[in-house]
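Welcome, and thanks for taking a look at this structure with us.

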Amino acid sequence: MQWTNTKEWAHVDLDRETEHKAALVTRDFLLKVKEALQKADAQQPGTYLTVPFSRFEKPHLAFLLAAIGTGEVRIIAGETRAEETGIHGLWRIQEKGVNRFEVTRIPQFALDNLSDGAFPERLPDAPQGAFAAPAILKELQKAQAELNPDPLKNTPPYTIELTRHPLGPADLGYLETTLGVGVLQIGIAGFADASIESTAVRGIWRSKIFNKAGKALFDAYVAATLPEEVPNDFEELLDGAKQCDEILAWINADLAEGRL
């Protein structure tokens, strides 16, 4: 996902009049986002606000995107992708080449693309040289059976760290072939970069963590209806409303002082 990671509107080159209008447009947008975040109902998860990019003039949108910044989570499913903004609960989504903002715990397309495959009733015969993989698959199968089917009400994830097992190429090949490949690819940026990919089997994910040099620090299969670090929880939505207030305070101060 090659989206701009600018976090300060000072980096956007606009004439004074356009910048002033862009600040007003951004302020109005943030007030709507804040209201949606505050009204989010824990009992009725869903999409609380949708705003297409087409509602904004191009220079105003550039200012707005710079003001809200980018967050840590990115989700891809085929040609549809989402990126968390710097405001918890506010996502930018690109679907069929069309961009929009959404206030939600997690974009609906991610839930629509969760894998629904089942473990085979009888696991395929392990190839020569595969020793640990059959036992790992049985553990994952047992953990899958105990998952809460609601992706936003997960049981704690069951993790099998591959580096803690004596796995050879035959083991890894057997695991990957048996579990298959799903649609969802999730990236989480932080002090280290996480990559989470769905397998073809419901509730089974491949999770990896890399340092900034690209060296793998962690490699595991995880049983979770949806990895708990992906969706925003309701406390984060409340934090998102506070983040709106912080940006609004900066904009209002700059408007009052004539800097915008």
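**The largest pocket**

The largest pocket holds about 490 Å³ of space. Keep in mind as you read that this is a predicted model.

- Sorted by class, the residues that line the largest pocket are 15 nonpolar, nine polar and six charged.

**Aromatic rings**

- The model has four aromatic pairs, counting rings whose centres lie within 6.5 Å.
- One of these pairs is Phe29 with Phe56: the ring centres are 5.7 Å apart and the planes stand at 85 degrees, so the pair is edge-to-face, given that planes over 60 degrees apart fall in that class.
- This pair links distant parts of the chain, with Phe29 in helix α1 (residues 16-39) and Phe56 in the loop between β1 (47-52) and α2 (58-68), 27 residues apart.
- Are Phe29 and Phe56 buried or exposed? Phe29 has a relative accessibility of 4% and counts as buried, and Phe56, with a relative accessible area of 15%, is buried too; the cut-off for buried is under 20%.
- Another pair is Phe53 with Phe101, whose ring centres are 4.6 Å apart and whose planes are at 40 degrees, so this pair is tilted.
- Phe53 sits in the loop between β1 and α2, while Phe101 belongs to strand β5 (residues 98-104), so the pair ties together parts of the chain that are 48 residues apart in sequence.
- Phe53 is buried at a relative accessible area of 10%, and Phe101 is buried at a relative accessibility of 1%.
- Which residues form one aromatic cluster? They are Phe29, Phe53, Phe56 and Phe101.

**Strand β5 and its partners**

- Strand β5, where Phe101 lies, is mostly covered, with six of its seven residues buried.
- Strands β1 and β5 pair in the antiparallel sense, over five bridges.
- Val51 has Phe101 in β5 as its bridge partner, so you can follow Phe101 from the sheet to its ring pair with Phe53.
- Strand β4 also runs antiparallel to β5, and six bridges join them.
- Gln94 is found opposite Asn99 in β5.
- As background, side chains in a regular strand alternate between the two faces of the sheet.

- Where is Lys96? Its place is in the loop between β4 (90-95) and β5.
- The hairpin of β4 and β5 has two residues between the strands.
- Phi of Lys96 is near 55 degrees, which is a positive value in a residue other than glycine.
- Lys96 is exposed, as its relative accessible area is 77% and the cut-off for exposed is over 50%.

Technical notes. Residues numbered from 1 in each chain as written. Predicted model: local features only at pLDDT ≥ 70, side-chain atom pairs only at ≥ 80, totals over all residues. Heavy atoms only, no water. Phe/Tyr/Trp six-rings, centres within 6.5 Å; stacked < 30°, edge-to-face > 60°. Helix = DSSP H or I, 4+ residues; strand = E, 2+ residues; numbered from the N terminus. Buried < 20%, exposed > 50% of the residue type's maximum accessible area, 1.4 Å probe, protein only. Pairing = 2+ DSSP bridges. 1 Å grid on protein atoms, 1.4 Å probe; cavity = no way out; pocket = protein on both sides within 12 Å on 5 of 7 lines; lining within 4 Å. Points joined across faces, edges and corners; volume = space filled by probe spheres on them. Nonpolar A, V, L, I, M, F, W, Y, C, P; charged D, E, K, R; others polar.
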